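Dear colleague,

I am passing on the model we spoke of, and I would be glad if you could look through it alongside the notes that follow.

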Amino acid sequence: MKRSELTEFAIEEEGFKLKIRRGNQDAPLMNAGRAAMPIYSLPEGAVAPAPAASGVRPLAAAAVDEPGVTYVKSPMVGTFYRAPTPESKPFVDTDSVVSENTAVCIIEAMKIMNEIQSEVKGTVLEVLAENGQPVEYGQKLFKVRQG
């Protein structure tokens with residue numbers, strides 16, 4: 001916020017509100033004059049809204065590691081594509097055998113198509129991202145049984 005000289009940012013979407021204010025005079029000060037961030041909580045008895053069904057599982061659902069299973073993760077933020085063109089077959093699918101440097105998908109970032117390669121040898125157990133959907137850095141894209 002300092003670099004862009006923003007003093008306030010607010011967003012509201014489907015019952016979710018977020019407001020960030022820099023230099024709030026009403027907030028108590030802490031740590032050498034920096035304004036404390038307000039803590040937002042739900043009213044007692046309220047339930048947080050469920051995330052929209054996007055087909056991508058939340059990270060908490062995949063938190064338990066399975067022996068012999070690893071994940072191909074996104075090395076960048078961008079749009080996930082399973083095939084080189086809309087008419088082409090996917091690079092890999094469930095039960096596909098991959099080795100190190102096998103192309104598994106494309107992530108488009110800033111109009112550049114980045115071919116993502118597997119870093120492990122094994123069999124694809126599951127595709128965890130949806131074609132044409134945005135992905136985050138470090139997001140799990142493919143579940144692979146090593147071997």
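Ile20 is partly exposed, because its relative accessible area is 35%, and the term covers values between buried (under 20%) and exposed (over 50%), with a 1.4 Å probe and protein chains only. Ile20 lies in strand E2, where strands (E, at least two residues) and helices (H or I, at least four) are DSSP runs, numbered from the N terminus.

Please bear in mind that this is a predicted model, in which local features need pLDDT of at least 70 and side-chain atom pairs count only at pLDDT 80 or more, while totals for chains, interfaces and linings use all residues. Residues are numbered from 1 along each chain as its sequence is written, and side-chain values use heavy atoms, with hydrogens and water left out.

Ile20 also belongs to a nonpolar surface patch, together with Phe9, Ile11, Phe16 and Leu18, and these five residues have about 420 Å² of accessible area together. Such a patch takes residues with over 30% relative accessible area and no salt bridge, joining nonpolar side chains (Val, Leu, Ile, Met, Phe, Trp, Tyr) within 5 Å and like charges within 9 Å; a salt bridge here is a side-chain nitrogen of Lys or Arg within 4 Å of a carboxyl oxygen of Asp or Glu. Strand E1 (8–13) and strand E2 (16–21) each supply at least two of the patch residues, and E2 gives the most, with three.

As for the chain as a whole, it has zero helices and 12 strands, and buried residues make up 24% of its 147 residues. The chain exposes about 11200 Å², of which carbon and sulfur atoms supply 54%, the areas coming from the Shrake-Rupley method with a 1.4 Å probe.

Turning to the strand pairing, which requires that DSSP finds at least two bridges between two strands, there is an open sheet of four strands in the order E9-E8-E6-E11, with antiparallel pairing. Its edge strands, each pairing on one side only, are E9 (112–117) and E11 (134–135). Within this sheet, E6 (residues 78–81) and E8 (residues 103–109) pair over three bridges, and Tyr81 stands opposite Ile106 in E8.

Elsewhere, E10 (residues 122–127) pairs in the antiparallel sense with E7 (residues 97–98) over two bridges, Gly122 being the bridge partner of Val98. Five bridges also join E10 to the antiparallel strand E12 (residues 140–146), where Val144 stands opposite Val124.

With best wishes
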